[in-house]
Amino acid sequence: MLRPDDPPPMIRIGWIGCGTHAGEMLLPQLVRLDARLEALCDLDAGRLGRIADRYGVGARYTDPAALLAHPGLDAIGMAVGPAQHAALATDALARGLPMFIEKPPAPTAADAAQLAEAAHRAGRPCVVGFMKRYSTANRIAGNILRSAAFGPCVSLLGEYMTAPSYFAGDPDYSGFYLHHCVHAMDLVPWLLGEPVVSVQARRFEPVPGKLSLHVAFGFASGALATVVLGTHQSRGTPMEWWQVMGDHQRVEIRNVHEVRHYRAPGFKAGDPAATLDPAQDALTWEPNLTAAANEDHKGYHALLAAFLARVRGEASDAPDIADGARAMRVLEAMVRSAESGGTESV
Ligand SMILES: NC(=O)c1ccc[n+]([C@@H]2O[C@H](COP(=O)([O-])OP(=O)(O)OC[C@H]3O[C@@H](n4cnc5c(N)ncnc54)[C@H](O)[C@@H]3O)[C@@H](O)[C@H]2O)c1
């Protein structure tokens, strides 16, 4: 029997997909939590062996169905790709296994909706990797935006860019939409605190492979949001910037690790006693990157902690497949609008 100060039991995880993202970002954060990698799977035996050796995992599968049948698993994690996320998560949920799937949750909004239905039928969580909600700066901003003192959000401006090389294999931009833009389709309504009801996108493609989209999101409250998404910036530079305005205050989030909260101070020039007033002047936060602490400001660690809480049956704000299906509907409305030039409802 667990005593109140006992650590939570280790959750035994079966993991599918030993590629770049799992190896670099997810698994290093997962093993810092109360979870044990029990079994691994990848179609590519070389990748599977490298990651299994790194974590000392003996149970290795090149067939995901065999991994799902591995005895004694408490939950499954997955970072593969949209079609596999939808298909394999459906199988895992049917076995009663809670799921973590990376974004995108499915190739289409209809597939994501079916997966949401499968999770509902199984009564098991299916958490989606929208870690941007958990990056330290976005969390701080979200908490400010949801505080009574901020009041209703009026507008959002944002940029969320990437480089052409990253999606060089997808000249139709499907990879850009699914793997990159989908983050914004979740984060924008999360920041503004209400669902997107319509989308209007304008597109400019200066040369093939380099796309710029200016996307306007509509909300039932009348709030406005405009986000620039594109494939024409270097991944060696900061790519992400958001600003949300309320009445006489605004919050800016730069590069997922810097937050500024501007409020309503008076002019300073004519005031010889001018100082910084904690009740009115701007507040800022950025992390101390020299601290010898393994902090993950991008949000993967906090997201996986929220997933494990769901597996333990605890309350958690982890984004689930219903959020994933909503984000996919907004994404498809954006793609339709970029083609039609008109406003598309979600
Ligand atoms: N949230 C983020 O910041 C972020 C960043 C990068 C990637 N991702 C997402 O993670 C996912 C994986 O991306 P990646 O860059 O690691 O790709 P990747 O190609 O490096 O890795 C995918 C791995 O899955 C394996 N695989 C493919 N089909 C399989 C199957 N049926 N069964 C078992 N293994 C299979 C491949 O062999 C490969 O090793 C994508 O959905 C991507 O959008 C998220």
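How many residues surround the ligand, and which are the closest? The shell has 22 residues, and the closest are Gly17, Gly19, Thr20, His21 and Glu102. A residue counts as near if its C-beta atom, placed from the backbone, lies within 6 Å.

This is a predicted model: local features need pLDDT of at least 70, side-chain atom pairs count only at pLDDT 80 or more, and totals for chains, interfaces and linings use all residues. Numbering starts from 1 along each chain as its sequence is written.

By class, the shell holds nine nonpolar, eight polar and five charged residues. Here Gly counts as polar. Helix H1 gives the most to this shell, with three residues.

The largest nonpolar core has 99 residues. Such a core is a set of buried Ala, Val, Leu, Ile, Met, Phe, Trp, Tyr and Cys residues joined through C-beta atoms within 7 Å. Buried means that 20 or more other C-beta atoms lie within 10 Å of the residue's own. Helix H7 gives the most to this core. The core draws at least three residues from each of domain 1 and domain 2, with bounds from an automatic or database assignment.

Met78 is among the core residues with the most contacts inside it. Its contacts (C-beta atoms within 7 Å) include Gly17 and Glu102, along with His85, Leu88 and Ala89.

The helices are DSSP runs of H or I, at least four residues long.

| Helix | Residues | Detail |
|---|---|---|
| H1 | 20–30 | three residues in the ligand shell |
| H7 | 174–192 | 11 residues in the core |
| H4 | 82–94 | 18 Å from first C-alpha to last |

His85, Leu88 and Ala89 are among the buried residues of H4. Gly96 follows H4, with a positive phi near 85°.

Technical notes:
Helix = DSSP H or I, 4+ residues; strand = E, 2+ residues; numbered from the N terminus. Buried ≥ 20, exposed ≤ 12 C-beta atoms within 10 Å, placed from the backbone. Contact = placed C-beta atoms within 7 Å. Expected span 1.5 Å × (residues − 1). Lists of a residue's contacts leave out its neighbours within four places in sequence.
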